[in-house]
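Keep the structure in view as you read.

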Amino acid sequence: MSIEPRDAVERVWREQGAKLWRSLVAFTADPDIATDAMAEAFAQALGRGAAVRDHDRWIWRASFRIAAGELQARSRRSARCRSAATRCRNRSRTSSEPSRS
């Protein structure tokens, strides 16, 4: 007798959901990223159905990969914002400096 994929995902949610979320918060230092990554991993597991062989391992791995991807994206966005802010400050300095003749 095999367990249905939906039941397997639900079992992981009930038995490991809180531990997984705490682990993701520790990894990301951001409860919102942890929540989003976890929700996305469970949704993907449900969508993949029987293609997922070991739901426990798959959901944990997917959650951390999704969270890591979001951290990387956030870092790239932050770097672009810092770069844009620096360019803006440099422009305002050159336009506000008196011209020397």
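**Helix packing**

In this predicted model, helix H1 (residues 5–28) and helix H2 (residues 31–48) have axes that come within 9 Å and cross at roughly 155°. Angles over 145 degrees count as roughly antiparallel, so H1 is roughly antiparallel to H2.

- The crossing of H1 past H2 is right-handed.
- On the H1 side, the contact is made by Arg-6, Val-9, Val-12, Trp-13, Gly-17, Leu-20, Trp-21, Leu-24, Val-25 and Thr-28.
- On the H2 side, the contact is made by Pro-31, Ile-33, Ala-34, Thr-35, Met-38, Phe-42, Ala-45 and Leu-46.
- The residues of this contact between H1 and H2 divide into 14 nonpolar, 3 polar and 1 charged.

**Aromatic pairs**

- The structure holds 3 aromatic pairs.
- One of them is edge-to-face: Phe-27 and Phe-64 sit 5.3 Å centre to centre, with 65° between the planes.
- Phe-27 lies in helix H1 and Phe-64 in helix H3 (residues 55–96), so this pair ties together parts that are 37 residues apart in sequence.
- Trp-60 and Phe-64 form a stacked pair, at 6.2 Å centre to centre and 15° between the planes.
- Both Trp-60 and Phe-64 lie in helix H3, 4 residues apart, which is about one turn of the helix.
- Ring pairs link Phe-27, Trp-60 and Phe-64 into a cluster.

**Exposure of the rings**

- Phe-27 has 40% relative accessibility, so Phe-27 counts as partly exposed.
- Phe-64 is also partly exposed, with a relative accessible area of 24%.

Conventions. Residues numbered from 1 in each chain as written. Predicted model: local features only at pLDDT ≥ 70, side-chain atom pairs only at ≥ 80, totals over all residues. Heavy atoms only, no water. Axes fitted to C-alpha atoms, helices over the stretch in contact; angles between N-to-C directions. Helix = DSSP H or I, 4+ residues; strand = E, 2+ residues; numbered from the N terminus. Parallel < 35°, antiparallel > 145°, perpendicular 65-115°, else oblique. Left-handed = near helix turned anticlockwise from the far one by under 90°. Contact = heavy atoms within 4.5 Å. Nonpolar A, V, L, I, M, F, W, Y, C, P; charged D, E, K, R; others polar. Phe/Tyr/Trp six-rings, centres within 6.5 Å; stacked < 30°, edge-to-face > 60°. Buried < 20%, exposed > 50% of the residue type's maximum accessible area, 1.4 Å probe, protein only.
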